[in-house]
Amino acid sequence: RSFLAVHSYGERYSMAKRKMIWIPKTGKIETITIDDDLDSVRAKIGCDLIDMFAVGESSDGSLSYDFICDDEGMLVADSMEDHNINGFSITPYRLGIFKQPLFGNLLMCAIDNETGEYADLNVTEPKRILKELSML
């Protein structure tokens with residue numbers, strides 16, 4: 001999966017804007033619309049390197065949901081006290097859902113399981129998944 005598509009003529013172009021879920025280190029989880037190119041995602045999260053991992057799928061199985069996070073989040077802490085931990089990830093970590101807490105800001109995106117392309121997400125399914133992860 002790539003944030004950039006390759007046109008049939010070989011030139012690179014940015015894909016469309018997509019709805020994603022914004023999960024900041026602190027603050028309010030909200031739905032945002034963002035260009036689904038790598039530069040926009042990195043700028044929103046505030047990092048240079050990203051990592052993605054699956055966290056669930058839609059009830060009909062047509063979409064999977066991934067978190068996009070700062071791959072170096074643990075290493076670039078603002079201070080030794082906060083360790084850059086995403087506050088919403090502490091409970092799933094303590095419950096054993098996550099192997100470690102997540103660091104930095106997160107985005108949750110939807111992926112069409114048939115095409116492998118990014119898709120707009122509706123709010124209902126991600127909320128269900130976030131509740132199952134004890135993040136809401």
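Q: In strand 7, which residue is the bridge partner of Ile-21?
A: Two strands count as paired if DSSP finds at least two bridges between them. In this predicted model, the bridge partner of Ile-21 in strand 7 is Met-108. Strand 3 and strand 7 pair in the antiparallel sense over three bridges. Helices (H or I, at least four residues) and strands (E, at least two) are DSSP runs, numbered from the N terminus. Residues are numbered from 1 along each chain as its sequence is written. As the model is predicted, local features need pLDDT of at least 70, side-chain atom pairs count only at pLDDT 80 or more, and totals for chains, interfaces and linings use all residues, while side-chain values use heavy atoms, leaving out hydrogens and water.

Q: How many bridges join strand 3 and strand 4, and what lies between these strands?
A: Strand 3 pairs with strand 4 in the antiparallel sense, over six bridges. Within this pairing, Trp-22 stands opposite Glu-30 of strand 4. The two strands form a hairpin with six residues between them, and Gly-27 in the turn has a positive phi of about 110°.

Q: Why is strand 3 described as largely enclosed?
A: Buried means under 20% relative accessible area, exposed over 50%, and partly exposed in between (1.4 Å probe, protein chains only). Five of the seven residues of strand 3 are buried, so the rest of the structure largely encloses this strand. Arg-18 is found in strand 3, and with a relative accessible area of 18% Arg-18 is buried.

Q: What does the side chain of Arg-18 reach?
A: A polar contact is a pair of N or O atoms within 3.5 Å; within protein, one must be able to donate a hydrogen and the other to accept it, and residues adjacent in sequence count only if both atoms are side-chain atoms. The side chain of Arg-18 reaches the backbone oxygen of Tyr-118 at 3.3 Å. Contact in the wider sense means heavy atoms within 4.5 Å. Leaving aside neighbours within four places in sequence, the residues in contact with Arg-18 include Ile-32, Ile-34 and Asp-120.

Q: Which residues of helix 1 are buried, and which are exposed?
A: An α-helix has 3.6 residues a turn, so residues three or four places apart point the same way. In helix 1 (residues 38-45), the buried residues are Ser-40, Val-41 and Ile-45. Seen down the axis, they fall within an arc of 125° (taken from the directions from the helix axis to the C-beta atoms), so they line one face of helix 1. Asp-39 and Ala-43 are exposed on the other side. Among the elements covering the buried residues of helix 1 are strand 3 (17-23) and strand 7 (106-112).

Q: What caps the N-terminal end of helix 1, and which residue follows the helix?
A: The cap is Asp-37, with a side-chain oxygen 3.2 Å from the backbone nitrogen of Asp-39. Gly-46 follows helix 1 and has a positive phi, near 85°.

Q: How many disulfides does the structure hold?
A: A disulfide is a covalent bond between the sulfur atoms of two cysteines; here the criterion is a pair of cysteine sulfur atoms within 2.5 Å. The structure holds zero disulfides. The sulfur of Cys-47 lies 8.2 Å from the closest cysteine sulfur, in Cys-69, which is too far for a bond.

Q: Where is confidence lowest, and where is it highest?
A: The predictor's confidence in each residue is its pLDDT, from 0 to 100. Confidence is lowest in strand 1 (residues 4-6), at a mean of 36, and highest in strand 7, at 93. Where pLDDT is low, the predicted coordinates should not be read in detail.
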